[in-house]
Amino acid sequence: MSRRSGVLEFAVLGLLHDAPMHGYELRKRLNVLLGSFRAFSYGTLYPCLKSLVAQGFLVEDNPDVEYVPATALNGKRSKIVYRLSPEGKERFEELLADSGPDAWEDEHFGVHFAFFGQTDRAVRMRVLEGRRSRLEERLERMRSSIARTRERFDDYTLELQRHGLESVEREVRWLNELIETERANRTGRGGPSPAPENSDKTSDGRGQEDGSPDPPGPPYDRPGRSA
């Protein structure tokens, strides 16, 4: 299974774990979950659904209704509703518990983070710390690259490299804050604790209006993410 198809499988099982839905609604939810820049077409989603059905992870309700893909011309939608089988629920729990190196990579981390509310604290910590370690390695490579190429590139190319470096540094700071929150909470499941109502500083000392922290969530929908 390719890395991209594995991400899609995890996301589909996770969304259907919440509630059954038909393909059109599932595609909309996937685009929200994974970001518009990773929008999935029906040509990508439906083979994944059919594969999950064939493996016994999904069940089709109303499978006798002929499927008609939604298009701008016909405006029709599939009447098939997909729901998790018991085997599908077990498969989702298995994927949810994975905290190995794949979960630290760009493609997988965002989906794992999206389902952190259903993930054990120990797994969350391993994923967050692994992601931070991976990005710290990336930072060292980027800094070395900038130092080596500084004399060979013009100001605009160097500025682009610095922009990418700053994006990774911001994510590392964000991960540090999440890890500290997880350590402070010491709970099995659930999200970060809200910030104090009258706080006007973030954990790194920067001031913010109204004491509101940066919104939680994966940084992949933020501009300037480095690849």
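Start with Leu128. Leu128 is buried, with a relative accessible area of 1%. The cut-off for buried is under 20%, so Leu128 qualifies. Keep in mind that this is a predicted model.

Where does Leu128 sit? In helix α6. What does Leu128 touch, once residues up to four places away in sequence are set aside? The list is Phe109, Phe113, Phe116, Leu175, Leu178, Ile179 and Glu182. Take Glu182 from that list. Glu182 is 54 residues from Leu128 along the chain. Yet the C-alpha atoms of the two are separated by 9.6 Å.

Now the helix pair. Helix α5 covers residues 106–114, and helix α6 covers residues 121–149. They pack at an angle of about 150°. Their axes are 11 Å apart. How do the two helices run relative to each other, parallel or antiparallel? Angles over 145 degrees count as roughly antiparallel. So α5 and α6 are roughly antiparallel to each other. The crossing of α5 past α6 is left-handed.

Which residues make that contact? From α5, we have Asp106, Phe109 and Phe113. From α6, we have Val127, Leu128, Arg131 and Arg138. By class, the α5 and α6 contact holds four nonpolar residues, three charged ones and no polar ones.

An α-helix has 3.6 residues a turn, so residues three or four places apart point the same way.

How enclosed is α5? Seven of its nine residues are buried, so α5 is largely enclosed by the rest of the structure. The buried ones are Asp106, His108, Phe109, Gly110, Val111, His112 and Phe113.

Now the pairings. β1 and β3, residues 81–84, pair over two bridges. β2 and β3 pair over four bridges. Watch Val81 in β3. Val81 is the bridge partner of His22. Val81 is also the bridge partner of Asp61.

What about the faces of β3? In a regular strand the side chains alternate between the two faces of the sheet. In β3, Tyr82 and Leu84 form the covered face. Val81 and Arg83 form the uncovered face.

Last, step back to the whole protein. There are seven helices and three strands. Along the sequence, the pattern reads α-β-α-α-β-β-α-α-α-α. Of the 227 residues, 39% count as buried. Finally, contacts. Take those between residues at least 6 apart in sequence: 63% of them join residues at least 24 apart.

Note on methods. Residues numbered from 1 in each chain as written. Predicted model: local features only at pLDDT ≥ 70, side-chain atom pairs only at ≥ 80, totals over all residues. Heavy atoms only, no water. Axes fitted to C-alpha atoms, helices over the stretch in contact; angles between N-to-C directions. Parallel < 35°, antiparallel > 145°, perpendicular 65-115°, else oblique. Left-handed = near helix turned anticlockwise from the far one by under 90°. Contact = heavy atoms within 4.5 Å. Nonpolar A, V, L, I, M, F, W, Y, C, P; charged D, E, K, R; others polar. Pairing = 2+ DSSP bridges. Buried < 20%, exposed > 50% of the residue type's maximum accessible area, 1.4 Å probe, protein only.
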